Amino acid sequence: MRPLRVAAAPALAIALLLPVTACGADGEQPAPSSSAASTTPLNPYEQQRYDGVSALLDQLSSTLVNGDRGGLAGLIDAAATPEFRQHMQTIAADFAGGPAAAKPSSQPTRKPLKLKEFRYRVAPQNGPEHLLEQDFATRLEQAGASDTWVSPVDLEYALGGAAVPGLDEPTVTLHQSFTFARYGDDWKVVGDGGLAPDPTAQARENPKAPEVGPWEFPGLAATDVRTAGGTSTVLSYPGAERTAVSAAKILPGAVDEVSKFWGTDWVRRAAVVATATDAQFAALTRTDAGSTAAAAAATVFTMIDRQKGQVVGQRIVLTPAARGLSPAALAVVLRHELTHVASRLTTAEGAPLWLTEGVPEYVGRKGTYRDLVDAAPELAAAVAGGQVPRALPSDGSFSVDTDAARVAYQSAWSFAAYVGKTFGDDRLKQMYIGVGRGGDTATTDAAMKEALGVDKSRVMADWQTWLRGQVR
C-alpha cells in the first residue's frame, strides 16, 4: 500500500493539516473467484467433506445475516475459544441491530446494516492441507468428532445499506480460513485457520493484515443517502453517530461538487464509514494501529477490475478525529476523498503523489479560502522566507513521519491551484488523466505538456513566480 495521506482535521476548513488517504491499490487485477477451483474431480471422501462443510457455511451465512444469535450457537463447536464465539456473536448482533445499533431519537435514520449479498464458500485449496495440533485434534475426537478440516474460505458480500439494495456495489471477496469438525452427518465451526500449527505459510503468502468487513466491531449502524449516482451508505459505530449524521447531510452536495470538476463519468455514490476508535480505523484500512489524532480520512479499496471498468470494495473511512471537524471542514475532507473515488480508474499505481494528492486537495478546498496563507500557512511562510519550492515534491516527501510532509501536501495543492487558475479546470483534469497514467519522467513530462500546451520547465517557473506573488 502506498504511503497514507493524512487529511486535514482543523477547526476551520481553510486550515491545511495532513489528511490520510490510502491511495495505493491492493491489487490491480481481478482476484480469482471461489468458483475457480481445480477441475480435478474430488474423491468420494473429499466430496463428502466439501458438501458437508458447504452446507454448514450456507447455514452460517444465513444465520449471521439474519442476526440469529440463538441459531448461531448450534453451529459453533463446543471447543471454540470464547474469543471466536464472541466474534461471531458480534457479527450476528450487528445485523440484528442490538442495543448499541438502536436508533437514538436524534438520529432516526440509523438502522442495522442490511447486506445485498453475504455468503461463505469453500475456497480452492492451494498447497498441502493444514492439520490441527495433535493434542487439539485428540480433544475433538474424544468429544465425538470423526473428522477435522482446516480449509480456506471466501466470504462474498456486497454492502447494501439501511435497506437493500442500498449501495448497489460489485461483490467483494474476503479471503479467510476456518477450522471445522464433523459429528456424524453434521459439521461445526471450531474456529479460524489459526488453530492449525503452522499459520506462517499463509502469512508469507499475504503479509498484509487481512481485509475485514465493517461488521467486525459492535454497534454498527447504517444511514442511506440519496446521491447523484444512486444510494450512498454511511456506516458508523457508537461514539461516531454525530460524524455520520453530518457526513450524510454533506455527502450529496460533495458528490455534486466533485462532478463539477470531474464530470459525471464516475459512480457518483460512495460508502463512508465513521469510526470511533483507532483500532476500528486501523482494521478497516489495513494499517498499523496507532494514534490518528492528526488524520481525518482514508480511501481504500479491495481491487480494480479493469475488464469490467469498476473498483471493488471502495470505502471512505473517517478517523475518530473527524468527530472534531466543523461541517465546513468535513465537507473539504469528503470532497477530497470523493475525488479519489472519481479518479481511481484513471490513476495508475505509480502515479506521482504530487498529482494524486494535490488535485483532490484542490477540489476539496476550492472556494474555502481567500489567500495562500489561509490554505497553506507553512508553504506561505517558506516562500516569504525565500524558500520557494524548486521542484514538485517527491513521493517520499509525503511521509507522515517527516516535518516536510506538511509543506509537501501544501505544495502539491498549490501547484494544482495554480494550474486550475491559469489553465482552467478542464486542462487540470486533462493533466491529471495524462500524468496519472504513470510512466518514467519523460513520459509524465510529455503528458503535462500535451494537457497544458507548455513545457514543464515553463510551468514550473511560472508556478514559482505565482507563489512569490501570493505572499507579497
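Hi everyone! A search of this whole structure turns up 14 salt bridges, and I'd like to walk you through some of them. Please keep in mind that we are looking at a predicted model.

Let's begin with E169 and R315, whose side chains meet in a salt bridge with an N to O distance of 2.7 Å. This pair links distant parts of the chain, with the two residues 146 residues apart. E169 sits in the loop between strand 4 (147-158) and strand 5 (172-183), while R315 belongs to strand 13 (residues 315-318).

Now have a look at D185 and R182. Their side chains also form a salt bridge, this time at 3.9 Å from N to O.

Next, please find helix 9, which covers residues 353-365. How far apart are E361 and R365 in that helix? They are 4 residues apart, which means about one helical turn separates them. The side chains of E361 and R365 meet in a salt bridge, 2.4 Å from N to O, and both residues are buried. Salt bridges can also share partners, and in this structure that joins R49, E129 and D147 into one network.

Go back to the loop between strand 4 and strand 5, where you will find P165. The peptide bond from V164 to P165 is cis, with omega near 5°. E169, from our opening pair, lies in that loop as well.

Finally, which residues have a positive phi without being glycine? I have two arginines to show you. R268 has a phi near 55°, and it lies in the loop between helix 6 (241-262) and strand 9 (271-274). The other is R286, with a phi of about 60°, and its place is the loop between helix 7 (278-285) and strand 10 (297-300). Their accessibility puts them in separate classes: R268 is partly exposed, with a relative accessible area of 24%, while R286 is buried at 17%. The cut-off for buried is under 20%, so R286 falls inside that class at 17%.

Definitions and conventions. Residues numbered from 1 in each chain as written. Predicted model: local features only at pLDDT ≥ 70, side-chain atom pairs only at ≥ 80, totals over all residues. Heavy atoms only, no water. Salt bridge = Lys/Arg side-chain N within 4 Å of Asp/Glu carboxyl O. Buried < 20%, exposed > 50% of the residue type's maximum accessible area, 1.4 Å probe, protein only.
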